Amino acid sequence: MINDLGIRSDVELMHGLDLREPRLVQEAILAVVRRLPGGVRVVVEVIGWPDYPSNEQVSRFLSAVYDALPPGSFLLTGNVLRSPRWLSWLQRLFIENVFRWMPMHYRTVSEFKGIVTGAGFLVLRESIDPNRGFVVVTAQK
Ligand SMILES: C[S@@+](CC[C@H](N)C(=O)[O-])C[C@H]1O[C@@H](n2cnc3c(N)ncnc32)[C@H](O)[C@@H]1O
């Protein structure tokens, strides 16, 4: 995507930032943006983390990201998908009891896209893995 858009591919990893703290997230993004030339567009990647918090927490996080981003910037985010109907309890049982993963919020594609658009972003693309286990959403401010 970075190549397609002609964006320079400098990467900043934000270590030690608690994503449940929207104000800190916003400050961290603004600190990076302030160092960059005016009119720059950035890409924020946060794939997998939205699996854990509630809808409200993800919404607060994404709104904080949206407010901090320069116009035209991109968000790359993803969530574990909910299996259809009766399979969903089997999915949870298996993942939490056999794999012993932390409990997650299994969302539908439209539910997750609703959270992303609710924060102000325009969804450009959704990519679903062949096993329908995960969705990655590309969105723009
Ligand atoms: C499923 S991993 C995804 C990692 C990476 N984005 C990827 O796609 O490979 C979820 C990540 O969220 C991080 N994480 C969990 N809770 C967090 C929090 N409150 N603040 C920041 N990161 C958190 C975990 O440490 C883990 O690295």
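Which residues are around the ligand?

View 1. Around the ligand you will find D18, L19, R20, I47, G48, W49 and Y52; a residue is near a molecule if its C-beta atom, placed from the backbone, lies within 6 Å of it. By type, the shell has four nonpolar, one polar and two charged residues. Here Ala, Val, Leu, Ile, Met, Phe, Trp, Tyr, Cys and Pro count as nonpolar, Asp, Glu, Lys and Arg as charged, and the others, Gly among them, as polar.

**View 2. Helix α3 crossing helix α5.** The axes of α3 (residues 55-68) and α5 (residues 109-118) come within 8 Å and cross at roughly 40°, with each axis fitted to C-alpha atoms over the stretch in contact and angles running from 0 to 180 degrees between N-to-C directions. That angle makes α3 oblique to α5, meaning neither roughly parallel (under 35 degrees), roughly antiparallel (over 145) nor roughly perpendicular (65 to 115). The crossing is right-handed: the near helix is turned clockwise from the far one by less than a right angle. Helices are DSSP runs (H or I, at least four residues), numbered from the N terminus.

**View 3. Residues where α3 meets α5.** From α3 come N55, V58, S59 and L62, and from α5 come I115, V116 and G118; contact means C-beta atoms, placed from the backbone, within 7 Å. This set divides into four nonpolar, three polar and no charged residues.

**Notes for all views.** Residues are numbered from 1 along each chain as its sequence is written. In this predicted model, local features need pLDDT of at least 70 and side-chain atom pairs count only at pLDDT 80 or more, while totals for chains, interfaces and linings use all residues.

Methods: Helices (H or I, at least four residues) and strands (E, at least two) are DSSP runs, numbered from the N terminus. Two residues are in contact if their C-beta atoms, placed from the backbone, lie within 7 Å.
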